[in-house]
Amino acid sequence: MGGGGQQTDSGEPAKGGSAVYTWEEVQRHSHRGDQWLVIDRKVYNITQWVKRHPGGIRVISHFAGEDATDAFVAFHPNPNFVRKFLKPLLIGELAPTEPSQDHGKNAVLVQDFQALRNRVEREGLLCARPLFFSLYLGHILLLEALALGLLWVWGTSWSLTLLCSLMLATSQSQAGWLQHDFGHLSVCKKSSWNHVLHKFVIGHLKGASANWWNHRHFQHHAKPNVLSKDPDVNMLHVFVLGDKQPVEYGIKKLKYMPYHHQHQYFFLIGPPLLIPVFFTIQIFQTMFSQRNWVDLAWSMTFYLRFFCCYYPFFGLFGSVALITFVRFLESHWFVWVTQMNHLPMEIDHERHQDWLTMQLSGTCNIEQSTFNDWFSGHLNFQIEHHLFPTMPRHNYHLVAPLVRTLCEKHGIPYQVKTLKKAIIDVVRSLKKSGDLWLDAYLHK
């Protein structure tokens with residue numbers, strides 16, 4: 001047909017996949033309350049399904065009106081199992097005259113990336129080594145035990161308390177990288193095992209919420225550095241990012257903060273406050289507002305264990321001060337690692353890019369070394385992680401040369417920086433954006 005598809009008497013698209021549609025028709029259904037998307041040329045009406053989507057309503061809605069094939073495969077370790085849930089949503093397919101890609105995407109590039117994905121699967125690079133993650137969990141638990149044993153054996157002098165705090169901050173940061181692995185379903189063969197272990201690590205070992213993390217983080221992966229879609233670049237008017245947003249704020253004479261000084265006040269309210277203040281408040285607000293009592297119970301086991309261990313040494317006030325200081329240290333670690341891969345990269349509104357181009361435009365790598373791998377939880381291979389989010393981290397270095405070759409073939413920049421340069425670039429990018437805002441605010 002290609003001219004409207006089949007519809008029922010009520011005006012709803014026909015189910016069963018008998019209709020054909022053009023991209024223009026699909027793209028008309030990209031609004032809240034009316035959402036279609038395409039996977040492998042099949043057209044699905046997800047309007048009602050988004051409310052029950054396990055990954056959250058927003059992450060799937062970000063692909064409304066688009067081809068979501070690569071995102072679908074990237075996020076689901078067992079796509080064939082998930083397709084069973086898609087069958088009732090099928091309303092048709094693209095017309096034979098329509099390209100498989102929307103918005104004029106490079107078909108050859110998309111096909112080459114899908115060929116790389118197939119090679120990754122064939123070579124077993126999506127299979128985890130249980131020993132690696134067992135040892136990784138062991139070193140986190142060892143740090144927790146050593147921190148507590150330090151106080152039991154030698155007491156609570158200022159120097160020992162500081163050392164204990166550093167060890168706890170290290171274990172918390174490393175547990176953060178481990179929960180990230182389980183959250184991406186990249187450790188266990190069965191998704192259910194990943195979900196349970198994710199709740200254990202992020203809930204019991206860290207005191208946070210698995211559902212809060214999933215719904216926030218998957219949006220970041222789906223549309224990295226895309227304004228209004230990636231929550232990691234939603235700065236609540238505290239910062240302006242990239243080249244476009246500062247100019248837009250400046251032209252509109254928006255001055256919520258002195259943005260031309262943001263590269264300076266970032267050190268005061270960015271790394272120090274993100275985890276101990278913003279994330280902590282947001283996590284508990286989310287758990288209570290969504291009545292997520294399971295995650296709340298897991299979170300409470302962390303705080304119960306922590307206060308049982310440290311109350312005998314520091315009392316209630318001292319234990320609260322200790323966990324706050326640990327969060328303060330962990331927050332610095334987390335912010336620099338997560339921002340150095342993304343903040344200096346392109347930040348823009350939706351441009352409807354293909355999966356490879358979109359991920360590479362908003363992501364860069366940090367040089368590999370034993371320290372960088374451990375310090376960042378292997379997120380120094382951020383490019384490979386974003387392209388293959390369910391890949392176990394110990395395989396990133398194996399796929400990296402293949403990704404670089406593909407990028408070179410299609411002229412896509414593949415950036416690798418030193419750790420020092422990556423950190424400096426965060427501050428430079430904030431200053432550049434602040435200067436763009438000031439110029440637009442004063443002269444446009």
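A: Helices (H or I, at least four residues) and strands (E, at least two) are DSSP runs, numbered from the N terminus. This is a predicted model, in which local features need pLDDT of at least 70 and side-chain atom pairs count only at pLDDT 80 or more, while totals for chains, interfaces and linings use all residues. Residues are numbered from 1 along each chain as its sequence is written, and side-chain values use heavy atoms, with hydrogens and water left out.

The average pLDDT (the predictor's confidence in each residue, from 0 to 100) of the protein chain is 95, and 96% of the residues score at least 70. Residues 6–11 stay under 50, and the model has 11 contacts for them beyond four places in sequence, a contact being heavy atoms within 4.5 Å. Where pLDDT is low, the predicted coordinates should not be read in detail.

Start with the loop between strand 5 (90–94) and helix 5 (107–122), where Lys 105 is found. Lys 105 has a relative accessible area of 15% and is therefore buried (buried is under 20%, exposed is over 50% and partly exposed is in between, with a 1.4 Å probe and protein chains only). The side chain of Lys 105 makes a polar contact of 2.9 Å with that of Asp 102. Such a contact is a pair of N or O atoms within 3.5 Å; within protein, one must be able to donate a hydrogen and the other to accept it, and residues adjacent in sequence count only if both atoms are side-chain atoms. Apart from neighbours within four places in sequence, Lys 105 is in contact with Asp 67, His 352, Gln 353 and Asp 354.

Lys 105 also belongs to the lining of a cavity. On a 1 Å grid over the protein atoms alone, a cavity is a set of points where a 1.4 Å probe fits but cannot get out, and lining residues have an atom within 4 Å of a point.

Most residues other than glycine have a negative phi. Leu 236 is an exception, with a positive phi near 55°; its place is in the loop between helix 9 (210–222) and helix 10. With 49% relative accessibility, Leu 236 is partly exposed. His 378, not a glycine either, has a positive phi of about 65° and sits in the loop between helix 15 (370–375) and helix 16 (382–387). At 12% relative accessibility, His 378 counts as buried.

Helix 10, where the loop holding Leu 236 ends, covers residues 244–251, and its buried residues are Gln 245, Pro 246, Val 247, Tyr 249 and Gly 250. These buried residues pack against helix 18 (419–443). Just after helix 10, Lys 253 has a positive phi of about 60°.

Key. On a 1 Å grid over the protein atoms alone, a cavity is a set of points where a 1.4 Å probe fits but cannot get out, and a pocket is an open set with protein on both sides within 12 Å along at least five of seven lines; lining residues have an atom within 4 Å of a point.
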